[in-house]
Amino acid sequence: MSGVRRAGFYTSADELRRDVRPVADPDEETVVAYLEAAVVALATPSRPDDLLDPTAQRVCQGALFTDGEWFWPAVLAYYVRRYHVRLPDELLARIRSFGGRPPELDEAELTAATERFVADSG
C-alpha cells in the first residue's frame, strides 16, 4: 500500500463549512463510533477548539487516528456528530465494509502506516 489517505484535516472555518450538511446520514452514529474506535497513531496534550463555534473550546483530545489506510484527527468525529460533516465517499465505503468496526492493527501494521503518513507529510 503506498501513500496514505486523509480526512478531516481542516485548517479554517471556511474549509470546514464546505463539508457541513443540514442533516445526518442514517448511519452517522456508526460512522462516529468507527472514527472514535480506530487505533490512535499519535496523541498530544493539545485540545482543539471548534472552528465554527468560538464558544466551544477544547472539544476533544488532540489525537491522530488510523485504520491502516486512512488517517484523521480526533476532532473529525466531533464535527461529524455536531455538524454532520460529509466524509469522502471512499472512507464511508470502507467504514461500511467493516460494518462500522475498524480493523485491529498490530504493532507492525501501525508502525508501517504511521511511517507512510509521516513520509507523505514531509
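## Basis of the description

A residue is called buried when its relative accessible area is under 20%, exposed when over 50%, and partly exposed in between (1.4 Å probe, protein chains only). By this rule R94, at 16% relative accessibility, counts as buried. The structure is a predicted model, in which local features need pLDDT of at least 70 and side-chain atom pairs count only at pLDDT 80 or more, while totals for chains, interfaces and linings use all residues. Residues are numbered from 1 along each chain as its sequence is written, and side-chain values use heavy atoms, with hydrogens and water left out.

Helices (H or I, at least four residues) and strands (E, at least two) are DSSP runs numbered from the N terminus. Strand β3 (residues 62-66) is largely enclosed by the rest of the structure, because five of its five residues are buried. Both of its faces are covered: G62, L64 and T66 lie on one side, A63 and F65 on the other.

Strands are taken to pair if DSSP finds at least two bridges between them. Strand β2 (residues 39-44) pairs with β3 in the antiparallel sense over five bridges, and T44 stands opposite G62. Strand β4 (residues 70-73) also pairs with β3 in the antiparallel sense, over three bridges; here P73 is the bridge partner of L64. β3 and β4 form a hairpin with three residues between them, and G68 in the turn has a positive phi of about 100°.

## Nonpolar cores

A nonpolar core is a set of buried Ala, Val, Leu, Ile, Met, Phe, Trp, Tyr and Cys residues joined through side-chain atoms within 4.5 Å. The largest one has 27 residues, of which L35, W72, L76, Y79, V80, V85 and L87 touch the most other members. At least two residues of this core come from each of α2, β3, β4, α3 and α4, with the largest share, seven residues, supplied by α3.

Contact means heavy atoms within 4.5 Å. Not counting residues up to four places away in sequence, L76 touches A7, G8, Y10, L35, V85 and L87. A second, separate core of five residues includes L64, F71, A113 and F117.

## Salt bridges and a buried glutamate

A salt bridge is a side-chain nitrogen of Lys or Arg within 4 Å of a carboxyl oxygen of Asp or Glu. The count by this rule comes to 13. The side chains of R94 and D67 meet in one of them, at 2.8 Å from N to O. Since R94 lies in helix α4 and D67 in the loop between β3 and β4, the pair ties together parts that are 27 residues apart in sequence. D67 is buried, at 1% relative accessibility. Salt bridges that share partners join R5, D67, E69 and R94 into one network.

D25 forms salt bridges with R21, at 3.1 Å between the closest N and O atoms, and with R96, at 3.9 Å. D25 lies in the loop between α1 (13-17) and α2, and R96 lies in helix α4, 71 residues apart. E28, in helix α2 (residues 28-37), is buried yet has no salt bridge; R21, the nearest side chain of opposite charge, is 4.7 Å away. Leaving aside neighbours within four places in sequence, E28 is in contact with V80, R81 and H84.

Most residues other than glycine have a negative phi. H84, in the loop between α3 (75-83) and α4 (89-97), has a positive phi of about 55° although it is not a glycine. H84 is buried, with a relative accessible area of 18%. R58, which lies in the loop between β2 and β3, has a positive phi of about 50° and counts as exposed at 53% relative accessibility.

Note on methods:
Lys and Arg count as positive and Asp and Glu as negative; His and the chain ends are not counted.
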